[in-house]
Amino acid sequence: MGLSDIFSITGSALSAESVRLNTTASNLANVDSVASKPEDVYQARYPVFKSTLLNAGEGLASGIDAMGFGQSQNLAGVQVSEITQSQLAPQVKHEPGHPLADENGNIYVSNINMVEQMTNMIEASRSYQTNIQVAETAKQLIQQTLRLGS
Amino acid sequence: MSISIDKVLGFHPAALLLRENRSTILASNIANADTPGYKAKDLDFRQALQAVLSSDSQSLANDPSGNDFVKYRVPFQPDTGDGNSVDMQHEKMAFAQNALQYQMSLKIVDGRFKGLMKAIKGE
């Protein structure tokens, strides 16, 4: 237990938030993807976050736990437990001239809400920034402690 | 006559350890700001410090990190539906405040050491 454990906590959060940013980028990139069958359409992907207990002194800060404080229930990192896909029905568009149109002249477009994706992206990047700032503060505190008495 | 470093430093080493522990708890809250079902925690600093001070010695032997005094936070707002009780703004402010208070204790310990050094060197 100590300031060094903050790096494992924020590190896990940074990696989870970057997975979230990645899925958002995939979703935004596939806003206009079309398919000739409804089941082939790209569906929006969302990571599911789950909190995970870390052992003091594990991970990036291995070997720091020399003080013997052991495992703590209070070190909660984050992990991505799974990536779910949206269950929304795809939009059906009647475009007989489209090369991917089926026998009825329909194409299927993924039902991704651009506004929802953009807000998700902003929230993820804000969380990422906050965790960076937390790590920065912990770094400063450790450096000041090392300079103690000099 | 010997110099008692414990007496010189007072309760500040204990406060530093508790502040350190509180900062990891607040960092966990911030890291889990988007985790469904996560409940924010905090350290009851006043009670934890009193417990350390009222124990027989201030040698920080028993539960120096105050884990017995970690409690779930009372939510500031009604649940928005995902069961998460982290209020990001509040956690950020608490983290910043805790970091400043850590630095304050650190400065005091630093000053005491400097005073001791002055006395030892006789400058």
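Reply: Start with the chain-to-chain contact. In this predicted model, 30 residues of chain A are in contact with 28 residues of chain B. Four elements of chain A each give two or more residues to the side that touches chain B: helix H1 (5–29), strand S2 (45–53), strand S3 (76–85) and helix H2 (114–146). H2(A) gives the largest share, nine residues. By residue class, this side of chain A divides into 14 nonpolar, 14 polar and two charged.

Now one residue. Ala76(A) lies in strand S3 of chain A. Is Ala76(A) buried or exposed? Ala76(A) has 25 other C-beta atoms within 10 Å. The cut-off for a buried residue is 20 or more, so Ala76(A) counts as buried. Its contacts, leaving aside neighbours within four places in sequence, fall in both chains. In chain A they are Ser51(A) and Leu53(A). In chain B they are Ser28(B) and Asn32(B). Take Leu53(A) from that list. Ala76(A) and Leu53(A) are 23 residues apart in sequence, yet their C-alpha atoms are 4.8 Å apart in space.

Next, chain B. Helix H2 of chain B spans residues 12–31. This helix packs with helix H3 of chain B, residues 45–54. Their axes are 10 Å apart, at an angle of about 145°. The crossing of H2(B) and H3(B) is right-handed. Which residues meet there? H2(B) brings Ala14(B), Ala15(B), Leu18(B) and Arg22(B). H3(B) brings Phe45(B), Ala48(B), Leu49(B) and Val52(B). The contact of these two helices divides into seven nonpolar residues, no polar and one charged.

Last, a sheet in chain A. Three strands form an open sheet in the order S1-S5-S4, with antiparallel pairing. Strand S1 (34–35) and strand S4 (91–94) of chain A stand at the edges. Each has a single partner strand, so one side of each is left without a neighbour in the sheet. In general, strands of a sheet pair through backbone hydrogen bonds. Here, two bridges join S1(A) to strand S5 of chain A, residues 106–109. S1(A) and S5(A) run antiparallel. One bridge partner can be named: Val34(A) has Val109(A) as its partner in S5(A).

To recap the contact between chains: H2(A) gives the largest share of the chain A side, and S3(A) is among the elements that give two or more residues. Ala76(A), in S3 of chain A, is in contact with residues of chain B, including Ser28(B).

Terms used:
Residues are numbered from 1 along each chain as its sequence is written. Chains are lettered from A and ligands numbered from 1 in the order in which they are written. This is a predicted model: local features need pLDDT of at least 70, side-chain atom pairs count only at pLDDT 80 or more; totals for chains, interfaces and linings use all residues. Two residues are in contact if their C-beta atoms, placed from the backbone, lie within 7 Å. Ala, Val, Leu, Ile, Met, Phe, Trp, Tyr, Cys and Pro count as nonpolar, Asp, Glu, Lys and Arg as charged, and the others, Gly among them, as polar. Two strands pair if DSSP finds at least two bridges between them. Axes are lines fitted to C-alpha atoms, for helices over the stretch in contact, and angles run from 0 to 180 degrees between N-to-C directions. A crossing is left-handed if the near helix is turned anticlockwise from the far one by less than a right angle, and right-handed if clockwise. A residue is buried if 20 or more other C-beta atoms lie within 10 Å of its own, exposed if 12 or fewer, and partly exposed in between; C-beta atoms are placed from the backbone.
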